[in-house]
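I am opening a notebook on this model and will write down what I looked up, entry by entry.

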Amino acid sequence: MHADEFRADAGLVGRLLVAQFPRWAALPLRPFASAGTDNTIYRLGDDLCVRLPLRGSAAPLVEKECAWLPRFPALPLTIPTPLAMGEPSEDYPWRWSVVSWIPGTPATIDRIDDPDLAARKLADFLRALQAIDAASGPPSGPQNHFRGVPMRVLDGRTRPAISNLADEIDVAAATALWEAALAAEVWSGPPVWVHGDLQPGNMLAREGRIAAVIDFGLSGVGDPACDLIAAWTLLPPASRIVFRTALDVDDSTWMRGRGWALYAGVIALDYYRESNPSLAASCRRTLRSVLADA
């Protein structure tokens, strides 16, 4: 997926475990196929997984998760528990992590029995996340790929991505939606914790219900509108209303949230449409939802 991507294999992961965490080295180790873009993932036994950054820019994201997730209070949906942080070796250049394994499948709408219930569960989760003390949290910016920053910061990346997708989307409609998001009133409240990447691959479904939120690498503190993308990445139109009502979102924040969904869709589709078909398909679904809603 990336020109600077590091290719890890089971042999490397096994050596890292033997050298640094021998208590887990005898557990069965197997690769896990994922549409994720930042980490190679290996199942470790039944209850653990190993996450190794694919490139240097992803390494600080693992470190952030290990530093902050243990400080979070209990949340309405399950989140990963970091159990150990591995160190670089002669064979592998960055820190890596061992975290709890959470069973489930990516929360696509066809795996959700009651979308309205999922909307309320997501709203409960976001309210609880935003209530966590953010005073010393990492500010939104380069450290979390700018999730939660003022939307004008994203303008220079978003317009070229929209233009690059002229063969797939209505450029005029997407541009008008983006300009409406830029024109919306900026967030004037205190920065709050944001997950930063609420797309289906980072929300897990189990037994027909949304059960967990994973991958907090893009978390930080900033404008909560960026987490409203779940309204378009997961929920059908009627359930978006349930979600918005449960969160009591004002017009300007909703407009920015829709802009964030557009941004996330065009940036990822522009970059990954050849190298990550699963993620590209998810982005296309999101963009169809955003543009139809607009």
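Entry on a helix over a sheet. I looked up helix α2 (residues 59-68) and found that α2 lies across β2 (39-44), β3, β4 and β5, running at about 140° to β4. For such angles I note that axes are lines fitted to C-alpha atoms, for helices over the stretch in contact, and that angles run from 0 to 180 degrees between N-to-C directions. Contact, here and below, means heavy atoms within 4.5 Å. Helices (H or I, at least four residues) and strands (E, at least two) are DSSP runs, numbered from the N terminus.

Entry on sources. This is a predicted model, in which local features need pLDDT of at least 70 and side-chain atom pairs count only at pLDDT 80 or more, while totals for chains, interfaces and linings use all residues. Residues are numbered from 1 along each chain as its sequence is written, and side-chain values use heavy atoms, with hydrogens and water left out.

Entry on the five-stranded sheet. In what order do the strands of the open sheet of five strands stand? I read the order as β1-β2-β3-β5-β4, with antiparallel pairing; two strands pair if DSSP finds at least two bridges between them. At the edges stand β1 (29-31) and β4 (82-86), each with a single partner strand, so one side of each is left without a neighbour in the sheet. On average, neighbouring strands of this sheet are turned by 25° against each other, direction ignored.

I then followed β5 through its pairings. Strand β3 (residues 48-53) is joined to strand β5 (residues 96-100) by four bridges, and the two run antiparallel. Within this pair, Cys 49 stands opposite Val 99 in β5, and Arg 51 stands opposite Ser 97 in β5. β4 and β5 also pair in the antiparallel sense, over four bridges, and there the bridge partner of Met 85 in β5 is Ser 97. Is β5 buried or exposed? Five of the five residues of β5 are buried, so β5 is largely enclosed by the rest of the structure; buried means under 20% relative accessible area, exposed over 50%, and partly exposed in between (1.4 Å probe, protein chains only).

Entry on the three-stranded sheet. I found an open sheet of three strands in the order β6-β8-β9, with antiparallel pairing, whose edge strands β6 (105-106) and β9 (209-213) each pair on one side only. Strand β8 (residues 203-206) and β9 pair in the antiparallel sense over four bridges, and Ala 205 stands opposite Ile 210 in β9. Across β8 and β9 lies α3, running at about 25° to β9.

Entry on α4 and its helix partners. Two packed helices are described by the angle between their axes and the distance between the axes. For helix α4 (residues 155-164) and helix α5 (residues 171-183) I noted a packing angle of about 165°, with the axes 10 Å apart. α4 and α5 are therefore roughly antiparallel to each other, on a scale where angles under 35 degrees count as roughly parallel, over 145 as roughly antiparallel, 65 to 115 as roughly perpendicular and the rest as oblique. Asp 155, Thr 158, Arg 159 and Ile 162 in α4 meet residues of α5 that include Val 171, Trp 178 and Leu 182. The residues of this contact of α4 with α5 divide into five nonpolar, two polar and three charged; Ala, Val, Leu, Ile, Met, Phe, Trp, Tyr, Cys and Pro count as nonpolar, Asp, Glu, Lys and Arg as charged, and the others, Gly among them, as polar.

With helix α8 (residues 251-272), the axis of α4 comes within 9 Å and crosses at roughly 60°, and α4 and α8 are therefore oblique to each other. The contact is made by Arg 157, Thr 158, Ala 161, Ile 162 and Asn 164 of α4 and by Leu 262, Tyr 263, Val 266, Ile 267 and Asp 270 of α8. By class, the contact of α4 with α8 has six nonpolar, two polar and two charged residues.

Entry on two single residues. Asn 144 has its place in the loop between α3 (115-131) and α4, and at 0% relative accessibility Asn 144 counts as buried. Not counting residues up to four places away in sequence, Asn 144 touches Lys 64, Leu 218, Ser 219 and Gly 220. Ala 10, in helix α1 (residues 10-20), counts as partly exposed at 35% relative accessibility. Leaving aside neighbours within four places in sequence, Ala 10 is in contact with Leu 29 and Tyr 42.
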